[in-house]
Amino acid sequence: MVTLLILRGFVFITYEVLSLNKLLQIDTQALHQEKLKSYVYVRTASLNPSEYQGVTYKARKEIHKAVRKILETEAKIFRRPFNEQFGTFDGEEHECALWLLLKRTQSEDKTVRLQAVQDLASNSHWRDYQYGTVAQTCDQRTAIGLARSKGIDLRFFLPPPPLPKIKTDYPIEDELRLLLVSLPQSGLDPCVQYFTSLALRESSQTLAAQRGGLWCFGGNGLPYCETLSKIPSETVELFCLQALVQHSKISSHCDKIEAKGGLQLLQRIYQLRKDSAKIQRNIIRIIGNMALDEHLHSSIVRAGWVSVLAEVMKSPHIIQSSHASRALANLDRDTVEEKYPDGVYVLHPQYRSSQPIRADILFVHGLLGAAFKTWRQQDIDRHLDKKVSEGEEDYSQCWPKTWLASDCPSLRILSVEYDTHLSDWKAKCPVEAHRKSIAYRSSELLDKLKAAGIGDRPLVWVSHSMGGLLVKKMLVDASKNPEMDKIVNNTRGIIFYSVPHHGSQLAEYSINARYLLFPSVEVKELSKDSPALKELNDEFLSFAKEKKFSVLSFAETLPTHIGSMLKLHVVPLESADLGIGDLIPVDVNHLNICKPKKKDAFLYQRTLKFIRDVLAQELGD
């Protein structure tokens, strides 16, 4: 009996070795290049159908089945579990399909390649080892494509490679500080210099505290006292990461960050700070900026970021998932021609899609706004509206991403973000005040939007408050620049939500009342009947009429609480009247004018109708 078992085992092992020797070859060069990852790269067999249909193939398949049957019987007799992985490689048709798909993902024919990635992503019946096979075998391009496939199984991705152990008495913020010090410190943008010096100053105070002492009132960074018993390392890390965000906007600095092991350091911090959404968001923002440089893609993939980004894409939090979506879109050079600079986010489509994009919708927030929160559904009052509270799971954190994408799936929906403040006390970067002016932001955003492909398709602008002034300034500036002609010529329509075309009372209150000290540049530019606003409005109207832009304006009719002491109409009806297009008063305040209560509310439905009307030819409505 023992001799028979040994003989059977010998036959099976011999058969497996001979079969796999032909089908699998280890790429030793790839292993050498990727040795830090402990990944295995496998070359697939030929795609020649004759090799899989001949007498030899059929005979091998029958022998394989027989050996498998023997092993299964033996496992039952001795009551041992049977390992399904043994002998299943060419047992059935679908086993060969995996390898055929992997081979096709490397095809020079882009159509074949993309279809193979899509077919791989659609598989949900495989065993763990088969997903592992794909994870170890697929190339960089395929891994990125899988990460950008909707509903992807995370077993398709290898976890980030293990990182070297560090000394327990060597804090993470010290590593971040050393990385910042290693980056160029001269000839920088003033805001990059400001963030860097702030981060280094705060981390130095932490070091001083660890060495024995009491530090207190750390300027802008840490305005409170701490003793040795409680060092706010997370706060210091956040300041260092904010400085790195600024550095990552500079291509040459991205190279330095990569060369100094920054990708691995960021990976370590990301894993350690899973409880801090803000830290993780800043890290992914840095990765998204570095992904703008194509020569860094291999380093980003090797550091294990594809699996992390694929996981974050599944986050229910729109801000987190949209940051990951931007980073993956910048990595995906197989299907994405555009590049998304810092502050430009794609709300739809965030995954690869066969749906052709017919037109673009661009959302521009206003004072104190943001790329996501400005466009959320109107906040639910759970005490006053029990029915709404019961349906809370339908609440939209960003209605352009949920409602509009569902109603108009062939649109590419983007949102931009830039910092604004009521007072310079609150400014994130208090230096270089001119960069907060509408003129400066117009120039900066136009360059970003051009890189993101704005102007290549028919375009509708959607703006709130000061964002509408910025839209007008960008269109005026683009009309004077031959390189930006496409943005003007492809503009089909503009939606203004309570835009102060003729100024706002907020500017007067901020200057005269003690509520707002040191009003910011943004607020000063909103002064009622400002000559600069009048000049912008006149210039915009002259060529808007010439281009026959379709315009829809909404105006607030209710006052807004500004802090606890001030209540005013931020944008009066007469200031919201551009002079062309439809003007619709709505019984909401300034903050809620762009936040519909629900999907069937007039505010959203009228917005949707305008978009469908001006893009009727493109959408086929």
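Buried means under 20% relative accessible area, exposed over 50% and partly exposed in between, with a 1.4 Å probe and protein chains only. The legends below describe a predicted model, in which local features need pLDDT of at least 70 and side-chain atom pairs count only at pLDDT 80 or more, while totals for chains, interfaces and linings use all residues. Residues are numbered from 1 along each chain as its sequence is written, and side-chain values use heavy atoms, with hydrogens and water left out.

**View 1. The whole chain.** The chain has 27 helices and 11 strands; helices (H or I, at least four residues) and strands (E, at least two) are DSSP runs, numbered from the N terminus. Of its 621 residues, 51% are buried. Contact means heavy atoms within 4.5 Å. Among contacts between residues at least 6 apart in sequence, 73% join residues at least 24 apart. The chain exposes about 30000 Å², and carbon and sulfur atoms supply 54% of that area; accessible areas come from the Shrake-Rupley method with a 1.4 Å probe, and for residues only the protein chains shown count as cover.

**View 2. Serine 322 in helix α16.** Serine 322 sits in α16, which spans residues 318-331. Its relative accessibility is 0%, so serine 322 counts as buried. Leaving aside neighbours within four places in sequence, serine 322 is in contact with Tyr345, Leu347, Gln350, Phe372 and Lys401.

**View 3. Helix α8 against helix α12.** Two packed helices are described by the angle between their axes and the distance between the axes. For α8 (residues 172-182) and α12 (residues 262-272), the angle is about 150° and the axes are 11 Å apart. Axes are lines fitted to C-alpha atoms, for helices over the stretch in contact, and angles run from 0 to 180 degrees between N-to-C directions. The two helices are therefore roughly antiparallel, the word used for angles over 145 degrees. On the α8 side, Ile172, Glu175, Leu176 and Leu179 meet Gly262, Leu265, Arg268, Ile269 and Leu272 of α12. By class, this contact has 6 nonpolar, 1 polar and 2 charged residues; Ala, Val, Leu, Ile, Met, Phe, Trp, Tyr, Cys and Pro count as nonpolar, Asp, Glu, Lys and Arg as charged, and the others, Gly among them, as polar.

**View 4. The surroundings of helix α12.** In α12, 8 of the 11 residues are buried, so the helix is largely enclosed by the rest of the structure. The buried residues include Leu263, Leu266, Gln267 and Tyr270. They pack against α8, α10 (233-247), α11 (251-259), α13 (277-290), α14 (297-302) and α15 (305-312). Serine 276 lies in the loop between α12 and α13 and is buried, with a relative accessible area of 6%. The C-alpha atoms of serine 276 and glutamate 234 are separated by 8.7 Å, although the two residues are 42 apart along the chain.

View 5. Most residues other than glycine have a negative phi, and most peptide bonds are trans. Histidine 348 and proline 349 are joined by a cis peptide bond, with omega about -10°; proline 349 lies in the loop between β3 (344-348) and β4 (359-364). Serine 465 has a positive phi of about 55°. This serine 465 is in the loop between β6 (459-464) and α20 (466-479), and is buried at a relative accessible area of 5%. Lysine 548 has a positive phi of about 60° and lies in the loop between α24 (531-547) and β8 (550-556). At 71% relative accessibility, lysine 548 counts as exposed.

Notes:
Angles under 35 degrees count as roughly parallel, over 145 as roughly antiparallel, 65 to 115 as roughly perpendicular and the rest as oblique.
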